[in-house]
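Hello,

Here is the structure I promised to pass on to you. Please have a look at it first, and then read my notes below.

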Amino acid sequence: MKRRVGEWDSRVFQQVAARKWPLAEGVLPRLSRSADHGLLWFGVAAGIAAVGGHRGRRAALRGVGSLAVTSAVVNTVGKRSVGRARPLLDGVPAIRRLARQPFTTSFPSGHSASAAAFATGVFLESRRWGTAVAPVAWSVAFSRIYTGVHYPGDVLAGAAIGAGAAIAVRALVPAGPPPGPARVPAPGAEAPRLPRGRGLFVVVNAASGQFVLPEPARRLRSICRRTGGLPAANASGTAERALALPAERLTAALPHAEVTVRAEGDDLGQLLEKAARRAAEQGGALGVYGGDGTVGVAAAAAMRHGVPLAVFPGGTFNHFALDLGVRTVADTARAVEAGGAVAVDVGRIRPEGAWAGPEEVPFLNTFSLGAYPELVRYRERWERRVGTWPAGVLAAVSVLRTAEPLRLEINGRRRSVWLVFAGNCSYRGLGLAPVRRHDLADGLLDVRIVDGGRFARTRLLAAAVTGALTRSPVYSAASVRRLRISGLGAGTHLAYDGEVAPAPSSLTLEKAGRALTVYRPS
């Protein structure tokens, strides 16, 4: 049977090499080279994310995630398992051959696996975009036979692995529209009604994710530096409008609210402290327009001064706002005018040892050590040059290739781990670091740990592809009220709500039940 398959493989390869393919000589070799290291697919993902709206961004992210899993499986398991030699190029016309011939083994085709994974992942989220991408993916796969670097069997096996990986990723992170807002058990919380925003003091953070645009962002910072504040509403230019729009929307929805725009050089914490103090003096509320990191700083100020918080989504992902059921400025404005509010849990990081920050750091969404903080650091390094979504793609690929385990103690037990994730309340899904939660006030930390050790990377990838992640010996999950982490080495970083900071040698994670009152639409 094996000999027959090999004979068929060689025969089809020779037929492709001998046949003339109109217009292919100027296209397929270039297309094949453009897909090296996934660069073609990262560019396609960036384009889909830029023009495809919310569904397009989800499709692009799912495609890249599927590609990343596939690439890791092929490079760590597939290429080492068979060791098949590359085809001989004697019968392949010289004009078709690649300038740089691959040096890895032939089975399976990594390019075909990546193409199938990306196209399948995109299709599972958006049939329209998946159908548009499919011909390009098919052409990339065929180009590997056309240029003589793979047998047809290599290509078919790679495509099967890629499609299977995309389906496995879908099993872990279901496709379709995001789930509804998280639950908050009764009773609700008391918050003042603020008709037309009277008594609401809002701070707009212009450095949040939605403002991170390559050239416009640099112009925006320059304008803020010169003027010391918000450009005129009728100022020309993309950057000026990007900054003016949030304040205009807030003023249109809540004309009596007092809006302060943070300019470059302003201390965000001080602006929020001042706004929270004034809200307390007038019996009002603190408002914040920004991403999850900005909202976390605002939550700390609101709790210190005992005032409710109004969250206006203005970041890249807005995880906390989405869990509240807030998608637009208008959603929050309705809640502020109606006085609808809930009391939610807050996670607390209590550092020990050398630490440059405050004695206690609140987090509303997630805390992590290991691979995720490194991903955020890479993303922040690149996003001002290439944009948020492409930077996220590049960061994921870099971390996937270079991540190393951390050695630390968890509740007194010495462990080697790749990732420690702790969610403020229980999160949906079985992934390593999910982003949506069931509840906003359950009193629990959702802890997920990926252990290091021998062959841990391979075992974890195999478990993810086969859908057996929760049964993998390198993955563990638990719901706890307190977690102590110690023995962290110098140079370790932690992440909370998308912010990255050097980690202390030890820390404790705790819960503050229903510690924050926040406006929420009914």
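How many residues does helix 10 have, and how far does helix 10 reach from its first C-alpha to its last? Helix 10 covers residues 268-281, which gives it 14 residues, and it reaches 20 Å, close to the 20 Å expected at 1.5 Å a residue. Do keep in mind throughout that this is a predicted model.

A few words on the whole protein before more detail. There are 16 helices and 15 strands, and buried residues account for 51% of the 522 residues. Taking contacts between residues at least 6 apart in sequence, 74% join residues at least 24 apart.

Back to helix 10. At its start, Asp 267 has a side-chain oxygen within 3.0 Å of the backbone nitrogen of Gly 269. The buried residues here are Leu 268, Leu 271, Leu 272, Glu 273, Ala 275, Ala 276 and Ala 279. What do the buried residues of helix 10 pack against? Their partners are strand 1 (200-205), strand 2 (258-262), strand 3 (285-290) and helix 11 (292-305). After the helix comes Gly 283, with a positive phi near 65°.

Next, helix 6. Residues 127-146 form this helix of 20 residues, and its reach from first C-alpha to last is 28 Å, close to the 28 Å expected at 1.5 Å a residue. Where does helix 6 have its kink? The kink, of about 30°, lies at Val 133, shortly before the proline Pro 135. Val 133 is also among the buried residues of helix 6, as are Trp 129, Gly 130 and Ala 137. Just after the helix, Gly 148 has a positive phi of about 85°.

Helix 6 also has a neighbour to look at. The axis of helix 5 (residues 110-125) comes within 8 Å of the axis of helix 6, and the two cross at roughly 170°. Helix 5 is therefore roughly antiparallel to helix 6. On the helix 5 side, the contact includes Ala 115, Phe 118 and Val 122, while helix 6 contributes residues including Trp 129, Val 133 and Ala 137.

Enjoy exploring the model!

Best wishes

Key: Residues are numbered from 1 along each chain as its sequence is written. This is a predicted model: local features need pLDDT of at least 70, side-chain atom pairs count only at pLDDT 80 or more; totals for chains, interfaces and linings use all residues. Side-chain values use heavy atoms; hydrogens and water are left out. Helices (H or I, at least four residues) and strands (E, at least two) are DSSP runs, numbered from the N terminus. The expected span of a helix is 1.5 Å times one less than its number of residues. The bend at a residue is the angle between axes fitted to the seven residues ending there and the seven starting there. Buried means under 20% relative accessible area, exposed over 50%, partly exposed in between (1.4 Å probe, protein chains only). Contact means heavy atoms within 4.5 Å. A polar contact is a pair of N or O atoms within 3.5 Å; within protein, one must be able to donate a hydrogen and the other to accept it, and residues adjacent in sequence count only if both atoms are side-chain atoms. Axes are lines fitted to C-alpha atoms, for helices over the stretch in contact, and angles run from 0 to 180 degrees between N-to-C directions. Angles under 35 degrees count as roughly parallel, over 145 as roughly antiparallel, 65 to 115 as roughly perpendicular and the rest as oblique.
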